[in-house]
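This report describes a few parts of one protein model. Please look at the sequence and the structure before reading on.

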Amino acid sequence: MDKIFNNTEVAFALKSDTELDRAYFLFKMIASEPLVRIGTAVTNFAIKAHLPVEGLIRATVFDHFCGGVNEMDCLSVVDKMYTKGVSSVLDYSVEGKEEETQFDAALEMTLKTIEFAKERQAIPFAVFKPTGLGRLDLYTKVGEKQILTAEEQAEWTKVKERFEIVCKTAHDKDVALLIDAEESWMQDAADDLVESMMRQYNREKVVIFNTLQMYRWDRLDYLKALHERAKTDGFYIGMKLVRGAYMEKEHERAKEKGYPTPICASKQATDDNYNAAVDYMMQHLDKMAIFAGTHNEESSYKLMEMLQANSIAINDSRIWFGQLYGMSDNISYNLASHGYNVAKYLPFGPVRDVMPYLIRRAEENTSVAGQTSRELNLLKTERDRRKGKL
Ligand SMILES: Cc1cc2nc3c(=O)[nH]c(=O)nc-3n(C[C@H](O)[C@H](O)[C@H](O)COP(=O)(O)OP(=O)(O)OC[C@H]3O[C@@H](n4cnc5c(N)ncnc54)[C@H](O)[C@@H]3O)c2cc1C
């Protein structure tokens, strides 16, 4: 497969020189693990203490990783990316809420993004997080088959209703819907709900996509078992395949509670597991659709190679590549320029509410996680290219 991801002219065509410089300095900053650690603690404190730091956050990390504070802010970004063939997934990234009114607000926002997606070719998917529609602890209790109080039972009924409303709306409006995956201890309950939605709404094609975090060693078996049920009961399977974003939390909880960690034994094992899931789904594309949510170049090349080897059109509607806004533009824009289906998650929400999302991005981009040096090198290459140094 031709190596296409090093073309920085294509990757950063939409970035002005100033934006390029800003991105470079941002990644330089978050490359430093101590700086991210201290920055995170200070920012959390400042937000809790209601100190006026939102302007600073907006001017730095927020504007780089988010489309705006509301859905309307995002539209200019959506249109701009689409001029280069890169689609958007509007991602309401407000996290960690606990109140019923907040879950209802997230439901309304998700319905709005489904409407946006219906109206715009540039937005091929809607998305939501299960804990946007219900409490994490409640998912955990349901997943562990604990006895619920009458109050909790009523609360869980509301969660199921919210799932039903979102999935039915997506189905009726013919908008594909991605459902994110989160901490493993809440995921069983979410998986059961998503499967019941697939059974209802994926009868003719994939509308509902669940997410498999392939850093979990049990996920390939889960996929295979789900496939058996889908064959018997006649429904399609949509999966977003990611590696997973909660590794430290997973290790910590497993250690604290004394159960084996659900995470693969090494990075290599996660990579192999990820690629095995792509491989499995590619072999069963007659009943499956893949959204490959990854910034890993090798995994992206592997999927491209599989399309070629199986004579599947590069813009086949069952295959999508996905990256996060503000990351791996070299993958997104180069894939799009060659005609592949690519969508970037475009997070939005009030600055203080998207902080957990931003902190995950900062942590994943420290030098420890190893993404940053690639981003920095690409940004530097493009700056040099523009200055005529290359
Ligand atoms: C479009 C999109 C949607 C996403 N949706 C979700 C979602 O719903 N839920 C979610 O959890 N994440 C989600 N993510 C985030 C995703 O999980 C991270 O971006 C991802 O982990 C980074 O991995 P990568 O595939 O880009 O590859 P790489 O950068 O090659 O891999 C890094 C990942 O490998 C794994 N890893 C690293 N070290 C080890 C180790 N020692 N042992 C085992 N595994 C290791 C971790 O998962 C780490 O994040 C999404 C990402 C994208 C692009």
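Helices (H or I, at least four residues) and strands (E, at least two) are DSSP runs, numbered from the N terminus. The model is predicted, so local features need pLDDT of at least 70 and side-chain atom pairs count only at pLDDT 80 or more, while totals for chains, interfaces and linings use all residues. Residues are numbered from 1 along each chain as its sequence is written, and side-chain values use heavy atoms, with hydrogens and water left out.

Strand β8 covers residues 342-348. Because seven of its seven residues are buried, β8 is largely enclosed by the rest of the structure. Buried means under 20% relative accessible area, exposed over 50%, and partly exposed in between (1.4 Å probe, protein chains only). In a regular strand the side chains alternate between the two faces of the sheet. From β8, V342, K344, L346 and F348 point one way, and A343, Y345 and P347 point the other way.

Two strands pair if DSSP finds at least two bridges between them.

| Strand | Partner | Sense | Bridges |
|---|---|---|---|
| β1 (residues 87-92) | β8 | parallel | six bridges |
| β7 (residues 319-324) | β8 | parallel | four bridges |

Y92 has F348 in β8 as its bridge partner, and G322 stands opposite A343 in β8.

Helix α14 (residues 329-337) is mostly covered, with eight of its nine residues buried. Among them are I331, Y333 and L335. After α14 comes G339, whose phi is positive, near 100°.

Helix α11 spans residues 247-257. E252 lies in α11 and counts as exposed because its relative accessibility is 53%.
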